[in-house]
Every structure is written in structure tokens, then in C-alpha cells.
There are 2 protein chains.
Amino acid sequence: MNQSTMFNVTELRATSQAQAEQRAAKGIVFVLDDDPSIRSSYERLFTLEGFVCFAYDSAEALITGRTIDAERLNGPRCLLCDVSLPGKSGLDVQEALGSEQAMMPFIFISGVSSEVEVVQAYRKGGYAFLLKPIDISELLATVSSALVLSGNRQQESAELARLQAMVMQLTERERAVIKLVLEGCTNPQISDRLRIALRTVKVHRQHAMQKLGAKNLVELTRTALRSSILC
Amino acid sequence: MNQSTMFNVTELRATSQAQAEQRAAKGIVFVLDDDPSIRSSYERLFTLEGFVCFAYDSAEALITGRTIDAERLNGPRCLLCDVSLPGKSGLDVQEALGSEQAMMPFIFISGVSSEVEVVQAYRKGGYAFLLKPIDISELLATVSSALVLSGNRQQESAELARLQAMVMQLTERERAVIKLVLEGCTNPQISDRLRIALRTVKVHRQHAMQKLGAKNLVELTRTALRSSILC
DNA sequence: GCAAAATCTGCCCTTTAGGGTAATTGCTAA
DNA sequence: TTAGCAATTACCCTAAAGGGCAGATTTTGC
């Protein structure tokens, strides 16, 4: 029966993992608050709402743990954060995460904060600022919109990475030809400019189009503009 | 000598107008504050800095007077505004100007405001929030960046208007042809789809390219993407 | 050194793009 | 009613794009 038991455990884990992935696709909410009761309140709330939730009691714990906890979980994410924490404050977390912030909007929560903190939070790119007492529906609305923003940013980012990967496949010569194509040159003109035979231009152009997944000039131009090859 | 005097006056006015236009090109700063001494301080400051400055004592005066005052003056603009005013507040002005806000960033100034006001100002799209005591260099830096933003927005807006004006010149048929071109169709394919002769497609395409100021397909695609004809 | 890319090219063919000339039809504003 | 614009098309021509086939040279990583 030992075998059977182990099998069941594996099954459960698999289910749990699958479930977590499904939830994560809806959203991952990171919470940072030093009050244990508040943390568990948030955890309950967001879990009930169908999100994945990770709560931390300190900025350090958040910074260290967030990647490990959300390992293998893909999905839009945001951070709910009390500005006034002992030790490192929410504003410090903002700085620590830096560019990651674009993918993970910060929602600050505060009851006793000064205007200075609010201003600073916004200046550093904070997404929203909620003042206590917290209205649950307002909180959920804010979280939802933050997750939408995060999702959009992730999509854009992924799209850009995809395009740039394609551009990287191009050889030097192919890139040079395409660049001139995008400047409006005809093949004979490119042939003159690069001092290569017309047939060679055509070959490079053809290969580049294939690598960029473009069936025609219009698609090529679109792709190029999005990935900004021209620069 | 009467003639001469009048001539001189006209000259002066002309010069003044030219000067104002030159200043306006650098920036127009609207100021809203109920304290006369503060208003004149700002006016002096911004005039010295080479901007055009219009100061108002009430939201109503600003809303009524801004277009009249800045008549014929083109240039980036921003609004410096005290949140806590008697009567209509700075936040109300924000609402009153609505979409105009995009072209004219709001900079709020406050010493005694609550966090609630700060949050509201940002939520409504305020550009920045400065807390008293005001640091002059910080103020000027904020105004400068707001003016840059305003200038960029105006340029984008003008560019879009220009493109859309060109698109409007197209006849129904020309638009239809170009739309298919942008979907990647070749002329023969368009000929089939629209059930018109190949020569007709070419004529429409040619006319459309001229009206859109595009010398080749690449330029056409660029123009189309920017003006979003496809939608 | 060798194999795999990358670069280069000529010849030849078809399809597209672009455009000149000329003509017809229908609709609208002066 | 007439001039003008939009839309349509036929015929004819050139230039450009796209690509198959065959081969050369060069660079480069293992």
C-alpha cells in the first residue's frame, strides 16, 4: 500500500500545481505588511477571488522570496504594500525592484502616511495609492486594473522579445539589405549602394523575409516598426 | 506727427506680439492662486525665465480667460495650481478642462493638503505635485519637464491631425483599395475581391498613394500604421 | 583541415507594380 | 445644361519583384 499512497501524494501535488498555474494565469498578488492578521486577511481575500497570493512581513522577505515562490508561475502580478513599515519601507522595495516594477504595478496602502510619502510613491512610478479605511470593492477594482496593466506589459514585452529574437537571426548582410528596403530603396538601388549584384540583393532579401516571418513588404514594415530595426 | 506716433505704436505692438510668440514657443505657464503676492511672484519668475505667464485668482477666471489670453499663441503649456482654493478648487479645474489636460499638464502645489487630495490629483491625471516649501529649482525643473511633455503631446496631436486630414481626402474606393493593400493583397487579388479591373485597382492605388504623400509601399505602411486606417 | 554557413553571382523565367493614352459613364454643383 | 470629378476599363509598355538552377568564394567554429 505504500506505493499507492505515494502515488496519491504525487497526484495531489500535480493537481495542486495545475491549479496554481490556473490561478496564476488570473493573477498573482504579492502582499507586504508587517501585521500578521492583515496579511492573512489579504491572503484569504485574494485566494477567494481566485488569485494566487504570497504575503511577506518585510521588504527583505519579499525581495528574497518572490522569485522562489512564484517559480514556474506565469501570469499578471501586482504588489500590495503598506508604505509605513518598520525597517525598509514600501518605497525602498520600489527602488529595489527597479525595472521589474513595470511588470508588477505597486499599489500602496496607507492610513497615517504624510503627503510626502504619497508624492514620492507616485514619482517613483507607483500605480495607485489607497487610503485607509480600505473599501474592499475599491481595493479589488484597483488590483484588477493593476493586473490588467501587468498582463498588457508582459504581452508587449514578450512580443518585443519574439521580434528581436527574429531580428537576431539575420546575418549582417541581410540586416543591411532590409534596412535599405525599409528606407524605401528598390533592389537595383540597394545593389548599387552595397555594390553587390542584383541577384545577391534578392537572395538576402528573400532569406531575411523568411527569417522575419514576413510574407510581403507590408508585413515586413510592420514587424520592423514594432521591433525598431531602423535605429 | 500724429501719423508717426500711430506708426510707432503699431510698431511696438507688432514687436510685442512677435516677442510674445517667441516666448510662447518656449512655453506658456498658467498660474492659479488666490494670493496676489504669490501670483506676481510666479509671474516675475516665469517671465524672467523666458516664458509667457498668465496668472488667475480663481478657477472661473482661468477657465474663462485662458483661451482669450493665449489667443494666437502657440507653444507648450502647463498649469501651476494651488489645490486648496476658495470656491472651485484646483481639482475642479482639472475636471473642467478634461481632455485639454493632456495638452496642458497640471502641476499642483500644496502645503497643507491632505493625502486624499494628493491621491485624487494623481488619479485624475495630474502631472506632478509639489509640496511647500517650494524649492525654486525643483519648481523650474518640473515646469520644464511638463512643458516638454506638453510639446510632445502637441506634436503628436498635430501629426495625427495631418495624417487624418490626408486620409479624409481619399475617396471611398481608394480607401477600400488601400485597406486591402495593407492587408497584404496584390493588385490582382484586390481586383478579384472588389470585382473591378486590374487597371482600375492600379489607378485607385496610384491616386491614394499621391494623396497620402507616400512614394512607396513602405511609406504607405508607416503612414497607415500611424494614422491607424486599418481600424 | 573540414564541414557548415555566409556571401556572392549569372542566366532565365513569371508575376507584379507602375504608369501613359484614351475613352465611357454617372453624379453634382454652378 | 455644362464643367468637373469619381469611377471604370482597354491596350500597351517598362521596371521591379520573386524565385529556380547552378556554381563560386569565403569565413568560421569544432
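**View 1. Polar contacts between chain A and DNA strand C in the predicted model.** In this predicted model, a polar side-chain atom of A:Arg173 lies 2.9 Å from a phosphate oxygen of DNA strand C, a polar contact being a pair of N or O atoms within 3.5 Å, where within protein one must be able to donate a hydrogen and the other to accept it, and residues adjacent in sequence count only if both atoms are side-chain atoms. A base oxygen of DNA strand C, in turn, is 3.2 Å from an N or O atom in the side chain of A:Arg199. The elements giving two or more residues to the surface near DNA strand C are helix 7 (172-182) and helix 9 (198-211) of chain A, together with helix 8 (187-194) and helix 9 (198-211) of chain B; helices (H or I, at least four residues) and strands (E, at least two) are DSSP runs numbered from the N terminus.

**View 2. The protein surface around DNA strand C.** DNA strand C is surrounded by 16 residues, the closest being A:Thr171, A:Ala197, B:Asn187, B:Arg199 and B:Lys202, where a residue is near the strand if one of its heavy atoms lies within 4 Å of it. Of the DNA strand C atoms within 4 Å of the protein, 53% belong to sugar or phosphate, and the rest to bases.

**View 3. The open sheet of chain A.** Five strands of chain A form an open sheet in the order 2-1-3-4-5, with parallel pairing, two strands being paired if DSSP finds at least two bridges between them. Strand 2 (52-56) and strand 5 (128-131) of chain A each have a single partner strand and stand at the edges, so one side of each is left without a neighbour in the sheet. Strand 1 (residues 28-32) and strand 3 (residues 77-82) of chain A pair in the parallel sense over five bridges, and A:Ile28 has A:Arg77 in strand 3 as its bridge partner.

**View 4. The two domains of chain A.** Chain A is divided into domain 1 (2-159) and domain 2 (170-227), with bounds that come from an automatic or database domain assignment. Their C-alpha centres lie 45 Å apart.

**Notes.** Residues are numbered from 1 along each chain as its sequence is written, while chains are lettered from A and ligands numbered from 1 in the order in which they are written. For this predicted model, local features need pLDDT of at least 70, side-chain atom pairs count only at pLDDT 80 or more, and totals for chains, interfaces and linings use all residues, while side-chain values use heavy atoms, with hydrogens and water left out.
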